[in-house]
Amino acid sequence: MRKGILITIIGIIIIGIGYFGFQMFDFAKGVKEDVRQNANQNLILVANDYEIDLTDLDSVRENLNGFWIPENNINGENILWLDFHKEKNFATWETIPYTEKIKRTEALPMTSCGTIAGLIKLNSKIQLEFVGLGGSDTTEIESLTKTKFKLDGITYLRHKGYDFLKTWNVHGYESEK
């Protein structure tokens, strides 16, 4: 009789642990899906996404301006900020953290010696020339639309970025607000 009760109790404990483990696995899966959905909420989508003419310097500059995130790291904590001047073909190629603290404090961490990205026209196509402490390199822009661009095999998606940086308007672009 005691043996039967002990086996029953052990069986109930095993079933309880299995059930709890299954619930935790399902919870973790839901958290991972929430993170992915939140990352997608930070992307900019447009109804009519079209190719940008890669021979028109002004159009390429205007459409590259802003915030981007690598497609293969959409849940990453860093975004790319290309802050082109309205009439000049250079910007800093700056990777900045995307956090709630920065949104709240409106202060970016200090960085030094960022890479400069310049737009140049070679063989009738616009290319990016990178100049930094390590030297320089030129890379062809493979494709560019309103919401994504491909460079050196990496696809970047347009990201909402920080509103407070959009309103600084230090480079002459009209504010979106």
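Tutor: Start with a cut-off. Buried means under 20% relative accessible area, exposed means over 50%, and partly exposed lies in between. Keep in mind that this is a predicted model.

Student: Why is Asp58 called partly exposed?

Tutor: Its relative accessible area is 47%.

Student: What makes Arg61 buried?

Tutor: Arg61 has a relative accessible area of 6%. Buried means under 20%, so Arg61 qualifies.

Student: How do you know that Asp58 forms a salt bridge with Arg61?

Tutor: Look at the closest N and O atoms, which are 2.7 Å apart. The rule asks for a side-chain nitrogen of Lys or Arg within 4 Å of a carboxyl oxygen of Asp or Glu, so the pair passes. Both residues sit in helix α2, 3 residues apart, and are therefore separated by about one helical turn.

Student: How many salt bridges does this rule give?

Tutor: The count is 3. One of them joins Lys103 and Glu100, with the closest N and O atoms 3.2 Å apart. Both lie in helix α3 (residues 100-105), 3 residues apart, about one turn of the helix.

Student: What makes Lys125 and Glu140 a salt bridge?

Tutor: Their closest N and O atoms are 3.3 Å apart. The limit is within 4 Å, so this pair counts too. The pair links distant parts of the chain: Lys125 is in strand β5, Glu140 is in strand β6, and they are 15 residues apart. Lys125 is partly exposed at 31%, and Glu140 is partly exposed at 37%.

Student: Which residues make the nonpolar surface patch of about 380 Å²?

Tutor: Ile5, Ile9, Ile13 and Ile17 make it. Take Ile13, which is found in helix α1 (residues 2-41).

Student: What makes Ile13 open enough for a patch?

Tutor: Ile13 has 47% relative accessibility and counts as partly exposed.

Student: Which residues touch the most other members of the largest nonpolar core?

Tutor: They are Val60, Leu64, Trp93, Leu128, Ile141 and Phe149, out of 20 residues in that core. Among the elements that give two or more residues are α2 (57-64), β3 (90-97) and β6 (135-144). β5 gives the most, with 3 residues.

Student: What does Val60 touch, beyond residues up to four places away in sequence?

Tutor: Val60 touches Ile52, Asp53, Leu54, Leu119, Ile126, Ile141 and Leu144. Apart from this core lies another, of 13 residues, among them Leu43, Ile79, Trp81 and Ile96.

Student: How many helices and strands are in the chain?

Tutor: There are 4 helices and 8 strands. Along the sequence they follow α-α-β-β-β-α-β-β-β-β-β-α. Buried residues make up 29% of the 177 residues.

Student: What share of the contacts between residues at least 6 apart in sequence join residues at least 24 apart?

Tutor: The share is 56%.

Conventions
Residues numbered from 1 in each chain as written. Predicted model: local features only at pLDDT ≥ 70, side-chain atom pairs only at ≥ 80, totals over all residues. Heavy atoms only, no water. Patch = residues over 30% accessible without salt bridge, like charges linked within 9 Å, V, L, I, M, F, W, Y side chains within 5 Å. Areas by Shrake-Rupley, 256 points an atom, 1.4 Å probe, with all protein chains shown as cover. Buried < 20%, exposed > 50% of the residue type's maximum accessible area, 1.4 Å probe, protein only. Contact = heavy atoms within 4.5 Å. Core = buried A, V, L, I, M, F, W, Y, C linked by side-chain atoms within 4.5 Å.
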